[in-house]
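These are my notebook entries on a structure that I went through on screen, one topic at a time. I wrote down what I looked up and what I found.

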Amino acid sequence: MSERADDPQWRLDEHRARIDAIDEKLQELLAERAHAAQAIAKIKESADGEPVFYRPERERQVLAKVRARHQGPLPEADVLRIFREIMGACLALEHTLTVAYFGPEGSFTEAALRKHFGGAVAAVPLATIAEVFRAIEAKTADFGVVPVENSAEGIVSHTHDLLMRSPLVIVGEVVLRVHHQLLSRAGALDEIERVAAHPQALAQCREWIERHLRHCEQVAVSNNAEAARRAVDEPKLAAIASREAAAHWGVPILASNIEDTPDNATRFFVIGRSPVGASGLDKTSLLLTAPHTSGSLHALLEPFARRGISLLRIESRPARRALWEYVFFVDVAGHEKDPAIQEALAELERDGSVVRRLGSYPQAV
């Protein structure tokens with residue numbers, strides 16, 4: 001026995017046999033989970049009203065339990081990603097979601113979609129953020145994913161403007177670490193004459209471009225994936241885009257992680273037609289308007305502060321009604337059904353402020 005234990009090949013075979021047995025159990029458990037999902041689908045279909053298959057608050061609760069149980073040795077992010085894929089595949093047995101996103105393929109928005117929903121959805125790339133909103137309103141898509149802000153360059157104005165007038169609600173958020181790659185068929189940096197990217201990506205790589213591509217013309221395009229597509233046929237053009245875009249279009253990466261801020265991240269909203277319930281760790285996004293008088297901003301925020309409600313974000317946008325009038329996009333911690341938030345919003349409305357609830361949704365995992 002000891003001689004076999006000292007044999008490396010015997011030890012390898014023993015561990016491989018153990019892995020095979022574990023894989024068999026995993027597969028049996030996955031099938032059992034899938035059958036449970038199908039049973040849930042039948043119950044939903046037999047109930048009155050239109051069945052609701054996707055429950056963001058439920059998924060967030062499941063992932064919170066996964067995180068609480070996690071003890072390694074796999075990285076937590078990998079375990080969460082695996083469970084997202086399992087949940088997405090089981091959901092597809094109930095109903096295949098159609099999710100529109102600000103495309104094209106290979107964009108960071110697609111990466112955010114895959115991070116949130118996994119790979120078992122019908123992903124529909126659209127040319128503009130407005131088209132994403134229209135697809136959900138027209139019920140040709142169940143949900144949409146759109147960028148809302150970047151940690152270095154601030155808000156995506158077009159998304160905020162559409163939220164101001166759309167009947168859709170925010171049902172989720174995704175935070176994606178963004179790493180920019182320089183893609184080109186040129187053999188070296190000094191062969192590049194133009195560098196193309198979305199204006200925000202150009203801004204996020206401003207210092208790197210100044211150091212290495214000062215001689216180049218900067219070309220603003222609708223999105224980074226479009227820049228990668230152009231780099232296929234233009235050997236003197238470089239694109240700033242993702243690794244996914246480089247792989248999709250087959251363009252070599254000349255320089256990696258060229259963003260000026262190492263912790264560069266972009267936040268995305270998941271938008272839909274119906275509000276979602278509380279998950280236990282939520283955010284509420286609001287659109288607030290107050291009379292254009294001294295102290296009006298303080299009056300908007302004070303009811304939240306007095307009740308101990310955390311303010312997570314505030315952004316102003318022109319109201320487009322009169323010169324120098326603004327509306328405020330505010331994120332607070334908690335769900336709009338929480339008593340403290342209900343009280344604060346009721347107080348604002350009594351005092352003459354305009355309050356629009358843009359959605360309560362689980363905080364990003």
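**Entry 1: Thr159**

I began with Thr159, which has its place in helix α7, residues 157-165. The model I am reading is a predicted one. I then followed its side chain, which reaches the backbone oxygen of Pro147 at 2.6 Å. Leaving aside neighbours within four places in sequence, I listed Ile129, Phe133, Val146, Pro147 and Val148 as the residues in contact with Thr159.

**Entry 2: Val124**

Next I turned to Val124, which I found in strand β2, residues 122-126.

**Entry 3: strand β14**

I then looked at strand β14, residues 326-333, and asked how many of its 8 residues are buried. The number is 6, so I recorded the strand as largely enclosed by the rest of the structure. Strand β12, residues 282-289, pairs with β14 in the antiparallel sense over 6 bridges, and here I noted Leu286 standing opposite Val330. Strand β13, residues 311-318, also pairs with β14 in the antiparallel sense, over 7 bridges, and in β14 it is Tyr326 that stands opposite Pro318.

**Entry 4: cysteines**

I looked for disulfides and the number in the structure is 0. Cys216 is in no disulfide, and the nearest cysteine sulfur, that of Cys205, is 13 Å away. Cys216 counts as buried because its relative accessibility is 10%, and Cys90 counts as buried because its own value is 7%.

**Entry 5: the largest pocket**

I looked up the largest pocket, whose volume is about 620 Å³. Its lining consists of 24 residues, and I marked Arg81, Ala111, Lys115, Leu176 and Arg177 as those that lie nearest its centre. At least two residues of the lining of the largest pocket come from each of α4 (76-94), α5 (108-117), β5 (169-177) and α11 (243-249).

**Entry 6: backbone geometry**

Last, I went through the backbone with a general point in mind: most residues other than glycine have a negative phi, and most peptide bonds are trans. The bond that joins Gly72 and Pro73 is cis, with omega about 0°, and Pro73 has its place in the loop between α3 (56-69) and α4. From Gly103 to Pro104 the peptide bond is cis, with omega near 10°, and I located Pro104 in the loop between β1 (98-102) and α5.

For phi, I noted a positive value near 65° at Lys139, which lies in the loop between α6 (129-137) and β3 (143-150). Lys139 counts as exposed because its relative accessibility is 61%. Asn257 also has a positive phi, near 50°, and I found Asn257 in the loop between β10 (253-255) and β11 (265-272). With a relative accessible area of 41%, Asn257 went into my notes as partly exposed.

Methods. Residues are numbered from 1 along each chain as its sequence is written. This is a predicted model: local features need pLDDT of at least 70, side-chain atom pairs count only at pLDDT 80 or more; totals for chains, interfaces and linings use all residues. Side-chain values use heavy atoms; hydrogens and water are left out. Helices (H or I, at least four residues) and strands (E, at least two) are DSSP runs, numbered from the N terminus. Buried means under 20% relative accessible area, exposed over 50%, partly exposed in between (1.4 Å probe, protein chains only). Two strands pair if DSSP finds at least two bridges between them. A polar contact is a pair of N or O atoms within 3.5 Å; within protein, one must be able to donate a hydrogen and the other to accept it, and residues adjacent in sequence count only if both atoms are side-chain atoms. Contact means heavy atoms within 4.5 Å. A disulfide is a pair of cysteine sulfur atoms within 2.5 Å. On a 1 Å grid over the protein atoms alone, a cavity is a set of points where a 1.4 Å probe fits but cannot get out, and a pocket is an open set with protein on both sides within 12 Å along at least five of seven lines; lining residues have an atom within 4 Å of a point. Grid points are joined across faces, edges and corners, and a volume is the space filled by probe spheres set on the points.
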